[in-house]
Amino acid sequence: MAVTKWIVDPVHSDVQFKIKHLVISSITGSFKNFEGGATSDLNDFENAEIHFSLDVDSIDTNQNMRDEHLKSADFFDAAQYPHITFQSNYFHKVKGDHYKLSGLLTLKGITKPIELDAEYGGTERDTDGNIRLGFEVEGRLSRQEFGLNYMQLTETGGLLIGEDVKLIANIQLMKQN
């Protein structure tokens, strides 16, 4: 079996998250620095191995004070846990362009299984002749399962921030020669 190696093109990719604030609206943030890649069969992405690493210090919610709080020990503790990593266990086609991506997510020193939905966007050659393919990946995780236990309440006793975090990643992979 011929093996193909792919690398994430960070210029044409993004990683975002959403979390409820006051349980009435969502705060959206992103990680500006990340890297990753995949290994697949030459002609098929089924059963591909996928790995990813986010630089916690690159978190950006368009509000500097909030970003610094998120990097603190109250949340991600970037000084002690500088990266969030993912290593796939399986990647299987569900139907059409839709896949299930399952693997181990390590966040704040805690590793747990997570299942994500991935939608294949297509394959194209760029202007330099490089083969590229795209996926949009979505999923949810419980922040408390990963030690993000910040539980400030509002004056009325409601949660300041929600429990579930929605992940959205648009990933473009470039074939390595």
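Two strands pair if DSSP finds at least two bridges between them. Helices (H or I, at least four residues) and strands (E, at least two) are DSSP runs, numbered from the N terminus.

This is a predicted model, in which local features need pLDDT of at least 70, side-chain atom pairs count only at pLDDT 80 or more, and totals for chains, interfaces and linings use all residues. Residues are numbered from 1 along each chain as its sequence is written, and side-chain values use heavy atoms, with hydrogens and water left out.

**Strand pairing**

Thr-4 has Ser-40 in E4 as its bridge partner, and Ala-38 stands opposite Ile-50 in E5. The two pairings are listed below.

| Strands | Sense | Bridges |
|---|---|---|
| E1 (residues 3–8) and E4 (residues 34–41) | antiparallel | 5 bridges |
| E4 and E5 | antiparallel | 7 bridges |

**Nonpolar core**

A nonpolar core is a set of buried Ala, Val, Leu, Ile, Met, Phe, Trp, Tyr and Cys residues joined through side-chain atoms within 4.5 Å. Buried means under 20% relative accessible area, exposed over 50%, and partly exposed in between (1.4 Å probe, protein chains only). The largest such core holds 38 residues, of which Phe-45 and Phe-76 touch the most other members. Strand E5 (residues 44–55) contributes the most to this core, with 5 residues.

**Gly-103**

Gly-103 lies in strand E8 (residues 98–107). Gly-103 counts as buried because its relative accessibility is 0%. Beyond its neighbours within four places in sequence, Gly-103 is in contact (heavy atoms within 4.5 Å) with Phe-86, Gln-87, Ser-88, Asn-89, Lys-112, Pro-113 and Ile-114.
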